Amino acid sequence: MDVNGAGLAGAIGTLDSLRIEIPSWGFANTGTRFGKFLQAGAATTLEEKFADASQVNALTGITPQLALHVQWDLPAGVADAGIVKRLTAKYGVQPGSINPNLFQDQEYKFGSICNPDPGVRRKAIDHLLESVEIAKELRSRDVSLWISDGSNYPGAQSIRKRIGWLEEALSATHDKLDTSQRLLVEYKPFEPAFYHTDVADWGMAAHFAKAAGPQARVLVDTGHHYQAQNIEQIVAWLMHLQLLGGFHFNDRRYADDDLTIGSIDPYQVFRIFHEIFSEPNAAAAGEVAYMIDQSHNIKGKMEAMVQTVVTAQELFLKAALVDRERLAVLQSEARTVDAEECLRSAFWTDVRPMLREWRRNRDIPEDPLQALRESGYVEQIEKERRAKNAMLSASYA
Ligand code: PSV
Ligand code: MN
């Protein structure tokens with residue numbers, strides 16, 4: 001691709017704005033429902049998660065925020081906010097989105113905010129309200145909610161009643177937000193429930209966000225779609241409706257499986273970024289939160305996170321290089337092949353030399369993955385945490 005000066009300068013300017021939030025759970029031992037392969041260097045405490053996140057930020061320069069999962073990171077709820085503040089000050093990493101957890105407690109077997117038992121619904125709503133309190137205390141903008149509720153057999157639950165319960169719970173949560181906060185509603189078509197999930201797709205999430213109130217938005221987890229779904233079209237629609245809150249980035253081959261962003265279909269991530277850059281209202285595009293939702297079982301966690309951030313940056317820059325003015329002309333003249341080639345030529349541009357230069361100019365290691373390997377950080381945390389990780393059980397039994 002022939003990158004002209006103005007196009008490149010604009011793209012670099014766009015790249016400067018990119019911040020990616022990384023998940024605390026991406027540093028801890030996780031697995032599949034069949035078991036876990038424990039890693040000697042996995043984080044075993046919140047402090048270790050902050051330490052790892054700060055290392056990723058030092059290596060990449062664009063990940064100053066750490067998403068927190070309430071039950072995993074603040075088990076005492078708002079009473080743990082002080083610990084988070086101390087870690088923030090110590091490691092220079094800010095708390096990012098606050099993720100309530102409505103999927104682990106035994107009472108949630110038949111649902112949380114959609115449970116037919118009003119007592120369980122109350123408990124779940126209280127957890128949501130406490131999550132808003134935590135976010136206020138930590139000055140986090142986003143309360144990011146995945147609702148795992150659903151059912152496994154036809155007839156087992158009233159889909160209609162559950163819609164009403166969900167609307168009530170989300171508007172009660174929205175009522176507690178202060179004016180700077182947002183509620184993000186994440187959808188997923190299946191798992192853990194296998195017959196129906198209560199927020200199965202973007203249309204349902206958009207409805208619930210609108211019903212909840214003006215500060216609610218939809219969160220698109222790229223892994224939460226059926227095969228062949230056109231995710232960038234969903235993104236275009238959500239932008240059009242001013243309802244796109246952000247992303248959980250990952251990749252998938254068959255189902256939600258937390259693979260590294262772009263490892264299976266990098267062109268799709270590029271097309272998603274392209275749709276965001278096509279938004280005429282730049283301020284609205286700037287509100288979109290880019291978050292990673294991956295927890296690796298096979299790859300080393302530090303390496304995987306650095307590789308993920310670098311990959312996201314590459315795909316973001318490629319999309320920023322699309323000559324959108326020319327594309328608009330080609331589209332209006334219905335020059336199909338030329339329009340497609342306009343997109344493809346940006347995608348096939350090797351942006352790695354530009355990114356190396358961009359990092360050099362900002363005192364960031366040119367090759368963050370190589371820098372991680374040379375830093376000795378992974379060996380150090382493996383030494384420090386090996387014994388603690390060995391004591392953890394490798395099975396879910
Ligand atoms: C559910 O699959 C999900 O995508 C939600 O965002 C959860 O918060 C996260 O994964 C937990 O790993
Ligand atoms: Mn997610």
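Trainee: Is Q181 buried or exposed?

Mentor: Q181 is buried, its relative accessible area being 3%. Buried stands for under 20% relative accessible area, exposed for over 50% and partly exposed for what lies in between, with a 1.4 Å probe and protein chains only. Please note that this is a predicted model, in which local features need pLDDT of at least 70, side-chain atom pairs count only at pLDDT 80 or more, and totals for chains, interfaces and linings use all residues. Residues are numbered from 1 along each chain as its sequence is written, chains are lettered from A and ligands numbered from 1 in the order in which they are written, and side-chain values use heavy atoms, with hydrogens and water left out.

Trainee: Where does Q181 sit, and which residues does Q181 touch?

Mentor: Q181 belongs to the loop between α6 (159-175) and β6. Helices (H or I, at least four residues) and strands (E, at least two) are DSSP runs, numbered from the N terminus. Leaving aside residues up to four places away in sequence, Q181 touches V132, A135, K136, S140, R141, K176 and Q215; contact means heavy atoms within 4.5 Å.

Trainee: Turning to the metal, which protein donors does the manganese ion (ligand 2) have?

Mentor: They are E186 (OE), D221 (OD), H248 (ND1) and D293 (OD), lying 2.2 Å from the manganese ion (ligand 2). Donors are N, O and S atoms within 2.8 Å of the metal (3.2 Å for Na, K and Ca); water is not among the atoms, so sites may look incomplete. Along the chain, the donors follow the spacing E-x34-D-x26-H-x44-D.

Trainee: Which parts of the chain do E186 and H248 tie together?

Mentor: E186 lies in strand β6 (residues 182-186) and H248 in strand β9 (residues 244-249), so the pair ties together parts 62 residues apart in sequence. Both E186 and H248 are buried.

Trainee: Why is the arrangement around the manganese ion (ligand 2) octahedral?

Mentor: The 6 donor atoms subtend angles of 71 to 164°, which makes the arrangement octahedral. Six donors count as octahedral if opposite donors are over 155 degrees apart and all others between 65 and 115.

Trainee: Which residues of helix α15 are buried?

Mentor: In α15 (residues 368-375), P368, A371 and L372 are buried. Seen down the axis of α15, the buried residues fall within an arc of 105°, so they line one face of the helix; the arc is that of the directions from the helix axis to the C-beta atoms. These buried residues pack against α2 (46-60), α11 (301-320), α14 (352-360) and α16 (377-390). G376, which follows α15, has a positive phi near 80°.

Trainee: Which residues other than glycine have a positive phi?

Mentor: Among them are A228, with phi near 70°, and D363, with phi near 60°. A228 lies in the loop between β8 (216-221) and α8 (231-240) and is exposed, with a relative accessible area of 81%. D363 lies in the loop between α14 and α15 and is exposed, with a relative accessible area of 75%.

Trainee: Where is the cis peptide bond?

Mentor: The bond from E191 to P192 is cis, with omega near 5°. P192 lies in the loop between β6 and β7 (196-197).

Trainee: Finally, how many helices and strands does the chain have?

Mentor: The chain has 16 helices and 10 strands. Of its 397 residues, 51% count as buried.

Note on methods
Four donors count as tetrahedral if all angles lie between 85 and 135 degrees; four count as square planar and six as octahedral if opposite donors are over 155 degrees apart and all others between 65 and 115; anything else is irregular.
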